[in-house]
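Work through the exercises below with the sequence and the model at hand. Each task is followed by a solution in steps.

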Amino acid sequence: MNTHADIVIIGSGMAGYMLAQNIRQIESSKSITVVTQNDGRFYPKPMLSTALYHKKSPDHIVTATAQEMMDKYNIHVMTNAPVTEVDFAQKKVQLPNQSLAYDQLVFATGSKSNKIPKVKDVEGLLSVNSIEDYETLLDQLPHAQEILIIGSGLVGIEFSHDLLTAGHRVSMVSQTEEALWGLVPKAIGLKCRDHLIDMGLEWITDAGVRDVQRQDKKLSVHFSEQPTKQYDLVLSAIGIAPNTDLAKQSGLNTKRGIITDTYGRCRAKDVFALGDCAEIYGLNLTYVAPIKQQAQAIAKTLTGTKTPIHYPAMPVVVKMPTFPLTLVPVREPKITGQWEIQDNADDSGMIAAFYDEKKLKGFALAGTATRQRNDWLAKMPGSIVSEDQSAP
Ligand SMILES: Cc1cc2nc3c(=O)[nH]c(=O)nc-3n(C[C@H](O)[C@H](O)[C@H](O)COP(=O)(O)OP(=O)(O)OC[C@H]3O[C@@H](n4cnc5c(N)ncnc54)[C@H](O)[C@@H]3O)c2cc1C
């Protein structure tokens with residue numbers, strides 16, 4: 001039984017495993033243990049919302065089992081092992097049946113799906129933020145003709161596209177008239193909504209779902225303004241929150257996420273955080289590109305070369321193959337400025353740029369305009385972090 005590792009990483013999501021991979025690219029002698037409360041399968045989570053379109057089963061999405069990760073990277077992975085407590089003074093993490101000592105510890109505890117306020121859990125009301133959640137969805141899909149998706153953000157939009165292409169009848173309830181509120185300007189959000197409506201989506205604008213109740217085989221959904229309707233399955237996609245429970249309970253500094261300095265270091269000595277659970281430069285960025293930047297820098301710092309985390313402009317692709325969208329969302333803690341729709345010689349696409357006092361802070365490219373991604377990236381500043389954010 002392992003009782004000590006030089007580096008202990010809590011979490012086997014993309015953040016935890018990418019960090020282990022980056023450390024191994026630098027050096028091979030430090031012992032690394034990844035502790036995870038699930039079965040430690042490695043998979044690209046973004047594929048979950050396009051798997052039906054690409055006809056990929058969970059087995060095709062998973063790229064390695066825990067055992068394969070151990071063999072490939074010479075690491076140890078402890079599965080089905082939730083960390084219940086951390087003792088920073090003793091440098092130990094507590095698991096159900098043993099404790100594990102560390103020299104350096106990394107929190108990569110990810111995120112949790114938000115719950116709809118005041119709505120109780122019922123069978124058939126799901127959210128997808130892991131491959132286990134996705135498997136539950138797949139189990140229920142054969143019996144689900146009428147599906148409601150709650151929320152018109154990135155994940156809701158991608159799942160509606162995927163489920164429509166798989167032949168389901170899909171409705172979406174949105175608190176805004178347009179899709180992707182806060183990520184793209186209204187004109188592009190409306191274009192995205194209309195594209196999905198053309199594919200067969202029933203769009204419902206409503207102030208919010210008030211209740212979901214199981215009645216025999218159906219789910220009754222009570223809206224704020226619209227009449228109650230019945231569905232076979234309801235997918236809640238109203239966002240995620242960083243999983244900071246263990247960090248808070250152990251005494252780390254948290255705000256939205258676990259607060260770190262520019263090196264990914266937390267308040268306790270030799271403790272780091274990255275991925276969906278972390279708040280770095282005041283930003284909690286829940287995408288893959290920031291995780292890559294964090295993993296590269298933290299791996300160097302952990303192995304003796306202090307390296308600040310660098311955030312260049314990091315594009316996000318909204319994965320709807322029939323209506324592609326590429327965006328660089330505005331990443332400031334306090335957003336000022338506005339979207340401007342740009343002239344576009346190619347009239348089948350759409351381009352919007354976000355300017356704050358003439359400085360380009362973000363952009364959104366829709367349809368054929370996504371081909372201009374590199375040209376727009378070149379116009380962005382080298383770092384999205386302003387000087388006052390990077391001050392220690
Ligand atoms: C459907 C979907 C589509 C997405 N599409 C995109 C996209 O197109 N582009 C993009 O950039 N991003 C996308 N994202 C976001 C991206 O996938 C996430 O930012 C990323 O996967 C987060 O990885 P993580 O390792 O930080 O967190 P997680 O994947 O949540 O991993 C957290 C890990 O911590 C473990 N854990 C938590 N608490 C404990 C504990 N106490 N003890 C032990 N283990 C613990 C969990 O078991 C898990 O292994 C998408 C997300 C979803 C859900």
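**Exercise 1.** State how this predicted model is divided into domains, and describe how domain 2 and domain 3 are placed.

Solution. Begin with the division: domain 1 covers 4-112 + 241-302, domain 2 covers 115-238 and domain 3 covers 324-381. Next take the centres over C-alpha atoms; those of domain 2 and domain 3 are 28 Å apart. Then count contacts: seven residues of domain 2 touch nine residues of domain 3. On the domain 2 side, six of the touching residues are nonpolar, none is polar and one is charged.

**Exercise 2.** Locate the ligand relative to the domains, and describe the shell around the ligand.

Solution. Domain 1 and domain 2 both contribute residues to the shell, so the ligand lies between them. The ligand has 35 residues around it, and the nearest are Gly11, Gly13, Pro46, Gly110 and Gly275. By class, the shell holds 17 nonpolar, 15 polar and three charged residues. Now assign elements: helix 1 (14-26), helix 8 (288-302) and strand 20 (316-318) each provide at least two shell residues. Helix 1 provides the most, namely three.

**Exercise 3.** Describe the largest nonpolar core, then list contacts of Val234.

Solution. In soluble globular proteins, nonpolar side chains tend to be buried together. Here the largest nonpolar core numbers 110 residues. Val8, Ile9, Leu19, Val106, Val234 and Leu274 have the most contacts inside this core. Helix 1 supplies the largest share of the core, seven residues. For Val234, set aside neighbours within four places in sequence; the contacts are then Gly124, Leu125, Leu148, Ile150, Val212, Leu219 and Val221.

Technical notes:
Residues are numbered from 1 along each chain as its sequence is written. This is a predicted model: local features need pLDDT of at least 70, side-chain atom pairs count only at pLDDT 80 or more; totals for chains, interfaces and linings use all residues. A residue is near a molecule or strand if its C-beta atom, placed from the backbone, lies within 6 Å of it. Helices (H or I, at least four residues) and strands (E, at least two) are DSSP runs, numbered from the N terminus. Ala, Val, Leu, Ile, Met, Phe, Trp, Tyr, Cys and Pro count as nonpolar, Asp, Glu, Lys and Arg as charged, and the others, Gly among them, as polar. Domain bounds come from an automatic or database domain assignment. Two residues are in contact if their C-beta atoms, placed from the backbone, lie within 7 Å. A nonpolar core is a set of buried Ala, Val, Leu, Ile, Met, Phe, Trp, Tyr and Cys residues joined through C-beta atoms within 7 Å. A residue is buried if 20 or more other C-beta atoms lie within 10 Å of its own, exposed if 12 or fewer, and partly exposed in between; C-beta atoms are placed from the backbone.
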